[in-house]
Amino acid sequence: MEDAARSLLEFRHISKSFPGVKALEDVSIDLRAGEVHAIVGENGAGKSTLMKILSGAYQADEGQLMLEGTPVQKNNPKMSEQLGIAMIYQELNVTSELSVANNVFLGHEPQRGIFINKKEMERRTAELLDSIGVNVPPYTLMKNLSIAQQQMIEIAKALSKNAKIIVFDEPTSSLTETEVKELFRIISDLKKKNVGMFYISHRLDEIFEIGDRVTIMRDGKKISTSLIADITMEKIVEGIAGRRIENIYPRTPCAKGDVFFEIKNLSGDRFEDVSLNVRSGEIVGIAGLVGSGRSEVVKAAFGVDPCRSGEVFVKGEKAPGNNPQKLSRMGIAFLPEDRKREGLALALSIRENSVISALRRLNPLGVVRRRQEHVTVRKYVQDLEISTPTIEKLTKFLSGGTQQKVVIAKWLITQAHTFIFDEPTRGIDIGSKSSIYGLMDELVAQGAAIIMISSELPEVLGMSDRVYVMAQGRIAGELDRKDATQQSVIQLAFSQKGE
Ligand SMILES: Nc1ncnc2c1ncn2[C@@H]1O[C@H](COP(=O)(O)OP(=O)(O)OP(=O)(O)O)[C@@H](O)[C@H]1O
Ligand SMILES: [Mg+2]
């Protein structure tokens, strides 16, 4: 065999089942030293499950894991770490009181006698961070770092253990553009050091930027593995969705009605004098860089966060501040950016989560109308292509993207008249994205109003009737659909105060 093609790692005929689901079926994939092997596929396709078998969190029912030609027997997390395998997850968000150096050397601290050699540990941490070009003092507490910085520290930690294989499972979903660039630079360096990497993402443009090969998965099975150089975006999309997607952004022309929701001169800690409105029959996009204050504005408007001054009107009626329950009774639905923490009760089922916000409507007299509840939930499960054997499945056992869809279902079921969606398709596969856009189009055609915050410019441009662009906590400009282009939005997003 050629040296370059020698496998660092091989999954051989891996199968894994959970109650009611065949999560993986006869999957064989290999990883070479120094390559970035992208894994793509719909929500629930089995990507994270496969990686959890590698990390030792799960055991395969059938099949074999081979590391440099040697079978790995009875893998577990500790062993996997010793074998040089490291995982970088999206939702790290470490709230730990440990210092950076303590975290990097956790469990293998340099010793002096029976004591931890703190000086040595901090020196080596600084050295490691320096080697990947990260500028964070080793004594900083983990909880004081941004998600991006925490990820970088996890990478340093992997290097401190001489990891040969690093898995990135949707690492970029909460990063700013600059942070993504930084991560990609580090990944390129790791390639040169011959580290083999699996890279899972729903952002397909990333795959073309840093991937060497790509494997497409669907329904627990491997569909294909190709060289990035040999495959097109269309082919990948078709492979993931199992069908061609002709028009990803469907918009039906419809009449605009009254203003349903209006924010007037709202100011808060991280935004200043923001005014915007949305009408019945209209989708309004809010574009801008991550950190420009978009989420902060809608959170304050919905009353989740306090604001300093300004007013919010629902169908012309002034809404109270700091009272999300009242806003939701007035017909506003809010899908927050951080779904895991703010949107979902992980210990409850899909059905229970879906109806939490709608209980009042479905059961007007407090009578539990089970049958109707089931019918309604099933409809949304189908429309949103939520893959699950039953609506009674606990949401903690769903794949990341599927959990997102449940939160969307939960808000659609409330039958609000105005929907505020913050990054509605983050972590969601391309086929389901187009279904969600279809549902949004249907909602406004029926007279609802939608505000959509999104960092994906094609999505904003494809779906919005109007676009507000935020920069540095202010509205930098408002564009009509016909004037909103990649260029005009970016120009506003980068504009400085007073320009
Ligand atoms: N511990 C578990 N118990 C029951 N079912 C599980 C468990 N872990 C995963 N599953 C199921 O296995 C299937 C594959 O899930 P997995 O998390 O691997 O998907 P994924 O490809 O990572 O999707 P996403 O893109 O949404 O992250 C899903 O149907 C999921 O519900
Ligand atoms: Mg996953």
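Analyst: Helix α9, residues 294–301, is mostly covered, with six of its eight residues buried. Buried here means under 20% relative accessible area, exposed means over 50%, and partly exposed is what lies in between (1.4 Å probe, protein chains only). Helices (H or I, at least four residues) and strands (E, at least two) are DSSP runs numbered from the N terminus. The buried residues of α9 are R294, S295, V297, V298, A300 and A301. After α9 comes G303, which has a positive phi, near 90 degrees.

The model is predicted: local features need pLDDT of at least 70, side-chain atom pairs count only at pLDDT 80 or more, and totals for chains, interfaces and linings use all residues. Residues are numbered from 1 along each chain as its sequence is written, chains are lettered from A and ligands numbered from 1 in the order in which they are written, and side-chain values use heavy atoms, with hydrogens and water left out.

Positive phi values also turn up away from glycine. Most residues other than glycine have a negative phi. E68 is not a glycine, yet its phi is positive, at about 45 degrees. The loop that holds E68 runs between β4 (62–67) and β5 (70–72), and at 39% relative accessibility E68 is partly exposed. K315, also not a glycine, has a positive phi of about 45 degrees. K315 sits in the loop between β16 (309–314) and β17 (317–318) and is partly exposed at 47% relative accessibility.

Contact means heavy atoms within 4.5 Å. Leaving aside neighbours within four places in sequence, K410 is in contact with G343, N353, S354 and S357. L50 belongs to helix α1 (residues 47–55) and is buried, at 0% relative accessibility. Beyond its neighbours within four places in sequence, L50 touches F11, I14, L24, V27, I29 and M217. Of these, I14 is 36 residues from L50 in sequence and 8.3 Å from L50 in space, C-alpha to C-alpha.

Next, the cores. A nonpolar core is a set of buried Ala, Val, Leu, Ile, Met, Phe, Trp, Tyr and Cys residues joined through side-chain atoms within 4.5 Å. The largest such core has 48 residues, and those with the most contacts inside it are I166, F168, I187 and L190. Helix α5 (residues 147–160) gives the most to this core, seven residues. I187 is in contact with V36, F168, M197, Y199 and I210, leaving aside its neighbours within four places in sequence. Another core, of 34 residues, lies apart from the largest one and includes A333, V355, I391 and L443.

For the protein chain as a whole, the secondary structure comes to 18 helices and 22 strands. Its radius of gyration is 24 Å, close to the 23 Å that the globule rule gives for 499 residues, so the chain is as compact as a globular protein of that length. That radius is taken over C-alpha atoms, and the rule is 2.2 Å times the number of residues to the power 0.38. Of the 499 residues, 53% count as buried. Among contacts between residues at least 6 apart in sequence, 67% join residues at least 24 apart.
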